[in-house]
Amino acid sequence: MKKILETARKNLPLTDDCEITFEGRLHGLTDEKLSACVEGGVNRLSIGVQTFNADIRKEMQRLDSPEYIIRRLEEISAIDNLAVVIDLLFGFPGQKGKVWTDDLKIVSELPIDGVDCYQLNVFEKSPLNTRIKSGLCDPAATLAEAADMYAESVEYFSAHPNWHRLTNTHWARTPLERNLYNRLAKGLSDCLPFGCGAGGKLFGYSWMQERKLAKWSEMVEKGLKPVFVMMKPQEHWHLMRTLASSVESGPFNLKEIGDNFSVDIEKPLKPVMDQWIKAGLLEKSGEVYSPTVAGHFWYVTMAQLATEALTMAIAKEDSFKADPITQSVYSPNQAEAWLKTINKREE
């Protein structure tokens, strides 16, 4: 670990205050490994706690007790100039009600620097889904239940005097938690991936490194680029990524975004925005759209749908491609098509 960190600092043009995050879990994170991290330049530690509930942790096969986790987090938080951030998941089987409230309360009282609240994803072929389907485990939270849990986390930390919001899912207690990567990665910033399975982007191209370790090592030893898959940017990728990241982070101003690219995106997106306001996902003040709590919960889907709607407009409006500076991308017939697409997806 120390060798990798020192090599990165030696060979990459990093600033003195560059955010360097080490991510893992407390189980097996010894004092020796911690020292290697700090000596190698790590200034942010991201720990996957998931939940403090003993019963759920046992059900999810997490090895450490809540008491150990709390004690260890208190010890690590005493290290100077090291931001300690934990991940919480909501939606576990049996986590509703007081259990989730207790998780939030425990986090708020810890001397850590930040917390991320993510929704549990139950993948089709995961061991958890297998146990749920076989009746060995209670079902995970429904979408509506997960939305309520997310709303509770927003309400809880928004009302807490020691915490402030950084993104839709990230909260900070001290200035040490900057959360730079998560705040920049979904925007226009380039991201260079190193290592097996890493993903990144550059000049609109996105790619993933080979995911099988043996094949990745073989390609590296042969001097080949260990790329597993790569996607070319679409014609207006800069505009689309700006739109998507703006919708995700919110509030956003469509006129301002369009003006930066010398094209009108307000008119083609107005039917979508109006529908989202009606659905309680957005509020509008002047030219600024602000996501509600529900909008923050649905931010990924909303960003995707916004870019799809604009992509449809571009595809149907030849003048957009010919002269994007002076031509509008709006066509009245497109509104109905977008709404049909969105309604179908929602159904």
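The model I consulted is predicted.

*Entry on the helix pair.* I looked up where the two helices lie: α10 covers residues 237-249 and α14 covers residues 299-316. Their axes cross at roughly 150° and come within 8 Å. I noted the handedness of the crossing of α10 and α14 as right-handed. I then asked which residues of α10 and α14 make the contact. From α10 I listed L239, M240, L243, A244, V247 and E248. From α14 I listed Y299, V300, M302, A303, A306, T307, L310, T311 and I314. Sorting the residues of this contact by type, I found 12 nonpolar, 2 polar and 1 charged.

*Entry on the sheet.* I turned next to an open sheet of 3 strands. Its order is β7-β8-β9, and the pairing is antiparallel. Why is one side of β7 and of β9 left without a neighbour in the sheet? Both β7 (199-202) and β9 (227-231) stand at the edges and have a single partner strand each, so one side of each lacks a neighbour there. On average, neighbouring strands of this sheet are turned by 20° against each other, with direction ignored.

*Entry on β7 and β8.* I examined how β7 is joined to β8, which spans residues 205-209. The two strands run antiparallel and are linked by 4 bridges. I located L202 opposite Y205 in β8.

Key
Residues are numbered from 1 along each chain as its sequence is written. This is a predicted model: local features need pLDDT of at least 70, side-chain atom pairs count only at pLDDT 80 or more; totals for chains, interfaces and linings use all residues. Side-chain values use heavy atoms; hydrogens and water are left out. Two strands pair if DSSP finds at least two bridges between them. Axes are lines fitted to C-alpha atoms, for helices over the stretch in contact, and angles run from 0 to 180 degrees between N-to-C directions. A crossing is left-handed if the near helix is turned anticlockwise from the far one by less than a right angle, and right-handed if clockwise. Contact means heavy atoms within 4.5 Å. Ala, Val, Leu, Ile, Met, Phe, Trp, Tyr, Cys and Pro count as nonpolar, Asp, Glu, Lys and Arg as charged, and the others, Gly among them, as polar.
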